[in-house]
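Dear colleague,

Please find below the structure that I am handing over to you. My findings follow directly after it.

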Amino acid sequence: MKRTDEPRTTADERQTDGGSDFETVADVRLSSSERYRQTADELLMTPARIVWSDWRARIAVCVLGFYLFLGVFGPLIVSEPSLGEGPVLLGAFYSLEFPLGTTSRGEDILAQVIYATRPMLQMVAAGAVFTVIVATIVGTTAGYKGGVVDSVLMTLTDVMLTIPGLPLVIVLVTVLEIGANPYLIGVLLSVNAWAGLARALRSQVLTLRDAEYVEASRIMGVPTREILSVDIIPNLMPYITMNFVKQGRAVIFGSVGLYFLGILPQNSDTQNWGLMIDTAVSDAGAVNSAAAVHWLLAPIFAVITFAMGLTLFAQSADRLFNPRVRARHAKTTSDDDEPPERNEGDGTAPAGVMQG
């Protein structure tokens with residue numbers, strides 16, 4: 001075909017000239033500032049609008065933000081609790097100096113709750129991140145690769161599923177010298193929790209690996225790592241996020257229970273809500289004593305509200321990854337990308353909006 005000096009801009013002309021549909025470029029070019037604004041809208045503003053539009057997410061953000069503030073800035077604002085700093089077993093709301101009262105040794109209960117928040121957050125983060133990363137790698141790799149890789153990884157997963165979690169944790173705590181490191185304790189409490197999530201993710205990947213867009217990436221020679229990270233894992237994010245939050249809540253309950261039973265190691269620097277409950281019951285008989293019940297209720301209230309915040313966040317997280325919801329709350333894709341008149345004649349929808 002004879003070439004002309006005029007530039008060809010349409011897709012039909014490029015195909016006639018021997019080009020490819022993959023070489024088609026957008027008719028509208030964005031400036032640098034517009035690209036930055038669109039990126040910020042997609043990554044920050046759109047999730048913020050989605051979260052704020054759901055009452056469950058608003059409560060969860062407020063609760064989790066409050067505990068995050070306590071964990072990060074609380075020890076910088078409140079003095080560390082010490083023996084004899086106040087009267088013995090002062091009730092809650094009797095004094096502005098000790099709003100939640102004091103222990104049988106005159107320690108500030110509010111300060112104990114605040115100083116136990118940071119290691120609790122570290123435990124939750126370590127346990128949940130460990131579970132999600134291991135389960136995602138094992139589950140997606142086994143489901144996508146299949147064959148021998150699938151057999152080996154699923155055999156390992158099944159072995160971990162057959163081991164009871166609590167006895168395994170107790171044995172490892174007894175054998176290993178983990179001290180009071182919150183990160184190690186968080187990982188230890190999640191040592192075999194990844195197996196169930198890996199099994200579930202493998203099943204999800206089996207339904208996605210034969211999808212047309214995944215097959216197209218495979219034909220074009222895209223590496224397996226990139227196919228998993230770009231084409232498959234983003235579709236699993238709602239499920240992964242909900243399990244992240246679920247495991248975080250399991251770490252809270254597990255650490256509080258094991259500290260209460262005296263199974264996890266304790267020393268003079270250990271701070272945990274479960275240890276506070278154990279001390280209140282063993283030292284002051286808080287279960288049967290009205291004078292010490294405030295010492296018992298303070299850490300229990302912290303555990304309940306923190307777990308409730310995680311639960312509400314998990315219930316609302318599904319909307320963050322729903323493409324229809326994201327398109328509805330993304331201002332740059334709904335208002336700026338496509339002028340209204342372009343859709344009236346050709347029947348196309350604006351970029352980022354799924355056609356029904």
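Thr279 is buried, because its relative accessible area is 15% and buried means under 20%, with exposed over 50% and partly exposed in between (1.4 Å probe, protein chains only). Thr279 belongs to helix H11; helices (H or I, at least four residues) and strands (E, at least two) are DSSP runs, numbered from the N terminus. Leaving out residues up to four places away in sequence, Thr279 touches Arg105, Ala284 and Trp295, where contact means heavy atoms within 4.5 Å.

Please note that this is a predicted model, in which local features need pLDDT of at least 70 and side-chain atom pairs count only at pLDDT 80 or more, while totals for chains, interfaces and linings use all residues. Residues are numbered from 1 along each chain as its sequence is written, and side-chain values use heavy atoms, with hydrogens and water left out.

The protein chain contains 15 helices and 0 strands. Of its 356 residues, 39% are buried. Among contacts with a separation of 6 or more, 65% are between residues 24 or more positions apart.

The largest nonpolar core comprises 39 residues, and Tyr67, Val113, Ile185, Ile252, Trp273 and Phe306 have the most contacts inside it. Such a core is a set of buried Ala, Val, Leu, Ile, Met, Phe, Trp, Tyr and Cys residues joined through side-chain atoms within 4.5 Å. At least two residues of this core come from each of the helices H3 (55-77), H4 (109-145), H6 (165-175), H7 (182-189), H10 (224-260), H11 (273-284) and H12 (293-317). Another core, of 23 residues, lies apart from it and includes Leu197, Leu208, Val214 and Ile233. Beyond its neighbours within four places in sequence, Ile185 is in contact with Met123, Ile178, Gly179, Ala180, Tyr259 and Leu264.

The structure also holds 5 aromatic pairs. One of them joins Phe66 and Tyr67 edge-to-face, at 5.4 Å centre to centre and 75 degrees between the planes. Rings of Phe, Tyr and Trp (its six-membered ring) pair if their centres lie within 6.5 Å; planes under 30 degrees apart count as stacked, over 60 as edge-to-face and the rest as tilted. Phe66 is partly exposed because its relative accessibility is 46%, whereas Tyr67, at 5%, is buried.

Two residues deserve a note on backbone geometry. Most residues other than glycine have a negative phi. Leu89, however, has a positive phi near 50 degrees, and Phe93 has a positive phi of about 65 degrees. Leu89 is placed in the loop between H3 and H4, and Phe93 lies in the loop between H3 and H4 as well. Leu89 is partly exposed, with a relative accessible area of 26%, while Phe93 is exposed at 71% relative accessibility.

Yours sincerely
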